[in-house]
Amino acid sequence: MPPIETADQSTPESFEREALPHLDTCFRVACRLTGDPSRAEDLVQETMLKAFRAWHRFRPGTNARGWLLTILRNSFINQYRKQKREPIGVDIDAVDPMAIYRRVGQTDPEGEFFGKLIDRKVLDAIDKLAIEFREVLVLSDIEDLSYAEISSMLQIPIGTVKSRLFRARRQLQGQLYDHAVAMGYISPRERQLQ
Amino acid sequence: MTKVPSTVVDCDEALELLHEYLKQQLTPELVERVRAHIEMCRPCLSHSRFEANYLRMLEHKLKSITCPTESRERILTALHGEPPLS
Ligand SMILES: [Zn+2]
């Protein structure tokens, strides 16, 4: 193996070394932003090409993942967002945020309930969240970006990141509750009370 | 020397900080205060387990999604077709 180039960071090798490991993260985020795997592939390819062309502006040693995701999100906003109708955000007042917890929180310490949920249904539920909730949920709860990273990426205060995350999680859990009742995994509240 | 947290948070604070606690977003001092509360409070412990299970489910279901091989190759081909970096 050749020694790692440190003098000149603007090489295709340094791009492949530092940017390409984040390809899967970019793809997952793109899938949730676009709601469509083939559009996500296009978005990721566009992101990687833009990032490659701008690689001389990336400061070595800083956060390549955050830098790539910022490019990805800006590309999405500029080109894709207008083409697709916004999903109707779930009405937070219509869902009981603690519904699942009340059903299984005390009786299922190992979380078997969550294991029953169908992957596709969980993805659909995320994709139904309004974009501002969906993106913070994906960045924090799936890709593990810190609140500070998300704050600087979306250019919103950390307090806003937290409040959006709080609502996003509650909305998602509310939807998963409805799904679980529809599938018969848990009984709706009325029957539970009998 | 074990440092005893000066103030233990109450239930409302613990629940408000729960996700930040689980996502390791708190300062070490706050982590200790939340942990101290959860360890002695059954309802908050059960909330904590529940939310941890929820977060684990999300990661488990979504992290398995990866960029398709053909797409990865297409991107690499496109990158190699780019003019050299200046
Ligand atoms: Zn408590």
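A salt bridge is a side-chain nitrogen of Lys or Arg within 4 Å of a carboxyl oxygen of Asp or Glu. In this predicted model, the side chains of A:Asp127 and A:Arg32 meet that criterion, with an N to O distance of 2.7 Å.

**Arrangement and extent**
- Contact between the domains involves 14 residues of domain 1 of chain A and 15 residues of domain 2 of chain A.
- Together the two domains of chain A bury about 1300 Å², of which 53% lies on carbon and sulfur atoms.
- A:Arg32, A:Arg65 and A:Arg73 account for 48% of the area that domain 1 of chain A buries against domain 2 of chain A, more than any other three residues.

**Polar and charged interactions**
- Four salt bridges are counted between domain 1 and domain 2 of chain A.
- Nine residue pairs, both members at pLDDT 80 or more, are in polar contact between domain 1 and domain 2 of chain A.

- The elements giving two or more residues to the side of domain 1 that touches domain 2 are α2 (23-34) and α4 (64-80) of chain A.
- α4(A) provides the largest share of this side, namely six residues.
- By class, the residues on this side of domain 1 of chain A comprise four nonpolar, five polar and five charged.

Methods
Residues are numbered from 1 along each chain as its sequence is written. Chains are lettered from A and ligands numbered from 1 in the order in which they are written. This is a predicted model: local features need pLDDT of at least 70, side-chain atom pairs count only at pLDDT 80 or more; totals for chains, interfaces and linings use all residues. Side-chain values use heavy atoms; hydrogens and water are left out. Contact means heavy atoms within 4.5 Å. Buried area is the accessible area (1.4 Å probe) that two parts lose on being put together, summed over both. A polar contact is a pair of N or O atoms within 3.5 Å; within protein, one must be able to donate a hydrogen and the other to accept it, and residues adjacent in sequence count only if both atoms are side-chain atoms. Helices (H or I, at least four residues) and strands (E, at least two) are DSSP runs, numbered from the N terminus. Ala, Val, Leu, Ile, Met, Phe, Trp, Tyr, Cys and Pro count as nonpolar, Asp, Glu, Lys and Arg as charged, and the others, Gly among them, as polar.
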